[in-house]
Structure formats: C-alpha cells, structure tokens
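Work through the exercises below with the sequence and the model at hand. Each task is followed by a stepwise solution.

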Amino acid sequence: MAVRVLVVDDEQDFLDSIVKRLELRGIEVDGVGTGAAALELLTSKQVDVVVLDIKMPGMDGIEVLRQIRVSHPGVEVIVLTGHASQEFRELGRELEAFDYLIKPVRLDTLLERIQAACQRLGADCT
Amino acid sequence: MVLTALAVALIPLYVLGAAIYIYFASAQQQSHRAELLDLAVNRANAVQLFLAERTALLEALAHTASLDRVDEPSELAGLLRILNQRQHSFVDLGVLDADGRHVAYAGPYQLQDRDYAGEPWFEETLARGVDISDVFLGFRGVPHFVVAVLRDDEPRPWVLRATIDSELFTTLVRSGQVGMTGDAYIVNRAGTYQTPPRFGGGILSTAPFDTSIAPPGSRVVLRTLPDGRRVLSAFSWLPSKDWLLVIDRDPREPLAPLQLAWKLALVGLAVGTVLIAGAIVFHVRQMVGRLAAEDRKRVAMEAQLAHSARLVSLGRMAAGVAHEINNPLAAIGQLAGLMEDLIDDDFMRSSPHGELFRTNVRKIQEHVDRTRDITHRMLGFARRMEPHQDTLNPNDVVEEALSFIEREASFREVRITRQLDPALPMIRSDRAQLQQVILNLLNNALDAVSNGGQIVVATRAIDDLVEVQIGDDGVGIPRELRDRIFDPFFTTKEPGKGSGLGLSICHTVMQQLNGSITFDSEPGRGTTFRVRLPRETM
C-alpha cells in the first residue's frame with residue numbers, strides 16, 4: 001500500500017501546488033489549511049506522514065504536533081516551515097518530529113524525507 | 001586631588017613645627033630675661049658691697065686716727081699700706097682741712113697742698129659726713145673716683161679722702177659681661193659712663209640712652225641702639241649711690257642653640273615634605289591609573305555589549321526578513337515545480353514556445369534555490385548571535401568564515417591557503433562567537449595584505465587545545481603599537497574605516513571562551529594570529 005500523506009499549511013498557493021505535485025507522483029495526499037482541520041481529518045482517515053507548518057493562524061504547528069503525539073502515536077511528522085528559530089527546533093525534537101526542514105525545499109528533497117519517515121514506520125512505502 | 005592630600009598631610013606638620021618653635025623661643029627668651037636680671041642684681045650687690053666695705057674701712061680709720069698723727073706723710077703712708085694689705089684697692093690717701101686744702105698725702109702722685117674747696121664731693125662730705133664721688137678727671141687728668149669721710153673734731157674738723165683703683169672697680173663690674181657681644185658698665189643719673197663700656201664710647205662719655213627709662217630697683221628692658229641693633233638690657237640701681245648698673249646682651253645670642261635646632265627641624269621638615277609628597281603623588285597616581293584602567297575596561301565592556309546587542313538585533317531583523325521571504329518563496333518554488341510537472345508532450349507539441357516555457361520554469365526554481373541560500377545564511381547568522389554551546393569542528397567554522405571573505409579576496413587576487421588538520425577533534429564552544437573572532441582576524445589579514453598577497457589559515461590540535469592560525473604576508477604591526485592593539489578603539493585605519501573594536505572584541509570573546517589569542521609580527525613581513533581553544537569551554 002502506498003504512503004498516505006497529509007500536508008498542513010496556511011499558504012494556499014503552496015498547499016495546492018504541493019498537493020497536486022504529490023498526487024501527480026501517485027501519492028495519496030490530503031491538504032488542509034489549519035491545525036484544527038488536520039486533527040479532524042486524522043480522526044477519520046489513516047495517515048502515515050504529516051508535513052506540518054509551524055506558523056499558522058489559530059492552532060500553531062507545535063500544538064498540532066503535541067496533540068498528534070497524544071492521539072495518533074503511529075504518525076510521523078515532518079516539520080516544514082519558513083522559521084528557523086532554535087526554540088521551535090528544540091520543541092520539534094522534544095516532540096519527536098521526524099525532521100525539521102526550512103522552506104523552501106525542492107520537492108525531491110521532501111519526497112526523500114517522506115520516504116525515510118515512512119520506512120521508519122515499517123510501512124510499505126512505494 | 002594631589003593638592004588636597006598634600007595640604008591635609010603637610011599643614012598640620014608645618015603648624016606643629018611652627019608652634020613648637022615659637023613656644024620654645026618664647027620660653028628661652030623668658031628664662032634668658034630672668035637670668036640677665038639675676039646677673040644685674042648680683043653685680044649691683046657686689047659693687048654695693050665693694051663700696052660699702054671701702055667706706056667702712058675709711059670711716060674706721062678716720063675715727064681711730066687723730067689729725068696730728070695723720071698729717072704726717074710717713075704716718076699716712078703706713079696707714080695706706082695697712083688698708084691695702086688685703087686687697088690693693090686704694091691708690092692714695094689724703095687728709096684735707098675744713099677749707100679743702102690737702103694737708104697730708106700718701107700715694108704715687110704729688111698732690112700735697114692741692115685745694116679741693118668747691119669740689120662737689122668735698123662739699124657733700126662736709127654736709128653729710130661721707131661721700132662717694134662720681135668718676136672725674138681731677139687734677140691729674142686721669143678718670144677716678146674718691147671716697148671721703150669727715151672727722152667732725154672741734155675745733156678742727158678734717159676729711160680723710162681715698163682714691164679707688166678704677167681698674168679693680170671696672171673688673172668687678174665687667175665680670176657681669178656675658179657672651180660675645182654682652183656688655184656691663186655703670187652710668188650715673190646723667191648718663192655718664194662710670195666704668196668704660198665694651199662698645200660705644202669710653203669712660204666719662206655719655207651713654208646713648210636716658211637713664212629715666214630705668215625704673216627704680218631692677219628691670220629688664222628691650223631697647224634699640226643708635227645703630228638700629230636691638231639689645232636686651234638689665235638695669236639695676238645701686239641702693240646707696242646714684243649709679244645704674246647696666247648689663248647689655250644681644251637678644252638673639254642665647255637663641256643660637258635653638259637656631260641650630262630650628263635649622264635641623266627645617267631640614268627634617270623638608271625631607272618629610274619630600275617623602276610625604278612623593279608617597280602621596282605615587283599613591284594618587286597609582287589610584288588614578290587604576291581608576292582609568294577600570295574605566296577603559298568598563299568602556300570596552302560596554303562597547304562590546306553594545307556591539308553584541310547590535311549584532312543580536314541585526315540577527316533578529318535578518319531572521320524576520322528571512323522568515324517572511326521563505327513562505328512566498330516556497331510557494332513560488334512549488335508553483336513553478338507544478339508547472340514543470342504539467343508540461344507534457346501534448347503541451348510541447350501544441351505550443352511553439354514549449355521549450356522556452358520548460359527552460360524558464362526550471363530557471364525560476366533555480367533562482368528560488370539561490371534565494372533560499374541567502375535566506376538560510378541570514379537565518380544562520382541570526383542563530384549564531386544567540387550565546388550557546390555547540391559541538392563543532394573548528395575547521396567548519398573556519399570554512400564558514402572564509403566563505404564571507406572569499407569574494408573580496410578573489411577580487412583583490414589575494415591567495416588563501418588552507419592547512420586544515422582533517423583529524424581535528426570536535427570541541428564544545430560558542431560557534432557564533434568563535435566565527436566572529438575568526439572573521440575579524442580574516443578581515444584584518446585582508447586589510448593588511450596588498451593585492452596579490454597571501455593569507456594562510458591553519459588548524460591543529462595541541463594536547464587538550466585546538467589552535468587556529470591566521471597568517472598574512474602584509475605590512476606587519478609596528479613594534480611600538482604591539483602593546484595597544486587589543487585596546488578598545490585603537491585603530492590604525494583611516495577615521496570612519498575601522499571601529500577599533502575588532503581585536504578588542506576578539507580578546508574579550510577568547511577570554512569568555514576560556515581560550516587565548518596571541519600574535520607574532522614582523523614589520524614588512526607579515527603577522528600571524530593564534531587562537532587557542534579548550535576542547536571543553538566549561
């Protein structure tokens with residue numbers, strides 16, 4: 001079974017294009033614009049890897065990550081943000097994010113990290 | 001400050017010295033006056049006694065002899081011998097009748113039959129029975145005085161007269177002389193010298209002062225001589241004769257030993273002043289120097305803090321800008337990437353510009369990558385401004401620092417040679433601070449070399465230390481400036497070109513990191529800075 005990805009980002013142009021590109025590569029992917037929507041979607045759908053922005057209106061990425069760790073322990077999270085602050089990086093590490101990437105990244109790089117995260121889950125990541 | 005300290009230390013010393021001197025001088029003067037008065041009274045008593053004895057002798061003689069015996073010159077000469085047996089104080093003896101005629105004479109002069117009627121002493125003797133004359137020249141023209149007593153026989157009273165050896169008398173008075181300039185003499189009420197003074201005139205001349213300044217009895221008076229000298233005089237009136245015994249003394253003379261003490265004290269005072277002044281100046285200078293050094297240190301610290309704060313805020317601003325740019329940049333990158341993904345064979349065939357589209361969409365992504373490199377470097381810079389401990393390889397820090405100057409170095413054709421030890425251990429230190437130090441040193445090296453010069457960067461491990469060397473073949477540091485290059489605000493660059501803080505900051509940072517910074521320099525040949533760091537900062 002292919003890897004299932006959820007992208008969470010409040011930047012609509014970025015979200016739409018990256019979702020579309022992942023779909024073009026045959027990946028099962030959803031995209032949501034807020035932390036609340038992400039958590040809601042996770043309750044109804046099986047997801048392997050979450051690509052998560054930090055600075056978002058409403059619930060921020062760190063809070064989303066914290067709740068995922070509580071409610072969905074089997075999910076890997078890759079932080080993808082424009083903010084390089086050491087504080088967020090430390091928090092991400094504490095909350096066992098799989099990786100912390102600074103925007104912008106090439107899609108190839110992101111895909112490679114998604115594959116790696118998926119492999120850590122022991123899932124079938126084609 | 002120095003003056004205040006000097007005044008506080010020295011004024012009490014001077015006041016004390018002056019007070020002690022004045023006190024002792026005054027005490028000395030007092031005792032000197034008392035001594036002088038004692039001497040005068042003592043001499044006056046001695047003179048009085050002398051005169052009284054002579055008078056008593058004559059009186060005894062006159063009342064035991066009879067006129068018919070004493071008018072024999074041989075008899076009279078015998079009596080003179082008896083009188084002078086104990087002390088040769090009588091020069092001659094004479095017997096006068098009531099009319100003042102010398103009826104008999106014994107002595108070295110030819111005075112027989114001289115007439116003394118009308119002489120004051122003769123009249124006085126007739127009137128009062130005894131008299132001691134003032135000194136006078138007499139018939140012989142030699143100063144002398146006489147003692148005369150009256151034998152009141154009826155019907156022929158007679159007078160016995162004797163001349164007193166004026167030398168003996170003068171000696172008696174002069175024994176009251178003291179010191180080199182002291183004088184002792186007798187004047188009568190009219191001020192005529194009755195014995196010769198040592199200075200200022202002979203016997204029978206007039207003394208240069210009015211005897212009325214001498215009150216009855218005895219008294220010490222400070223008076224001024226005609227030549228302007230001051231003299232301390234002890235006056236003592238003889239009780240039985242209208243004579244004033246005077247003892248003069250220079251008032252300064254008894255103070256001479258005190259003068260020596262005063263000179264010694266002055267020398268001591270001068271030496272003390274010099275020592276105290278020296279000590280004060282030395283200590284005050286040291287204190288001021290220390291304060292100035294503290295002040296410089298504080299200024300340097302503040303400058304460094306301000307510099308750090310500036311860098312931190314600059315870093316935050318850079319980070320803020322980078323964050324804001326990263327989000328739209330990410331969108332641009334993905335949108336362009338999506339466009340590239342969607343360019344398929346159909347699109348290429350249907351549009352004559354298909355190839356151009358594909359190329360440009362790729363170029364957009366390449367430019368996104370370039371911009372990302374910039375924003376990521378800005379974020380890294382910001383992160384480096386916050387103090388923390390990193391595990392780092394000094395070679396990496398050197399490479400990062402070099403990346404900042406390589407552009408300018410290549411413009412100026414400065415060759416950069418790396419001699420980095422690949423086996424260098426990782427160390428725990430503050431990456432940002434270390435990078436700032438190395439960057440400052442590299443910038444200095446770049447400023448020091450001429451176009452086409454060379455910079456050598458080397459790293460190596462020494463025991464528990466890691467060393468980074470940055471050498472250049474530039475102008476070098478003049479010998480006289482070597483002590484000052486780490487001082488804050490010291491710069492040899494043109495005004496406005498250098499803050500003078502670079503090396504000062506390096507020095508402070510290396511202290512904070514428990515490391516060290518040293519240098520070798522040879523003017524004209526170049527300079528090498530050595531930065532040494534412990535493997536563990538803590």
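Helices (H or I, at least four residues) and strands (E, at least two) are DSSP runs, numbered from the N terminus. The model is predicted, so local features need pLDDT of at least 70 and side-chain atom pairs pLDDT 80 or more, while totals for chains, interfaces and linings use all residues. Residues are numbered from 1 along each chain as written, and chains are lettered from A in the order in which they are written.

**Exercise 1.** Count the helices and strands of chain B.

Solution. Chain B holds 11 helices and 16 strands.

**Exercise 2.** Find the strand order in the open sheet of four strands in chain B.

Solution. Step one: strands pair if DSSP finds at least two bridges between them. Step two: the order is β6-β9-β8-β7 in chain B, with antiparallel pairing. Step three: β6 (183–188) and β7 (218–224) of chain B each pair on one side only, as edge strands. From one strand to the next, the twist averages 25°.

**Exercise 3.** Describe the pairing of β8 and β9 of chain B.

Solution. Strand β8 (residues 230–237) and strand β9 (residues 243–249) of chain B are joined in the antiparallel sense by six bridges. B:S236 has B:L245 of β9(B) opposite.

**Exercise 4.** Which elements of chain B give two or more residues to the side that touches chain A?

Solution. Contact requires C-beta atoms, placed from the backbone, within 7 Å. By that rule, 19 residues of chain B meet 16 residues of chain A. The elements are α6 (256–342) and α8 (354–385) of chain B. The largest share, 13 residues, belongs to α6(B).

Methods
Axes are lines fitted to C-alpha atoms, for helices over the stretch in contact, and angles run from 0 to 180 degrees between N-to-C directions. Two residues are in contact if their C-beta atoms, placed from the backbone, lie within 7 Å.
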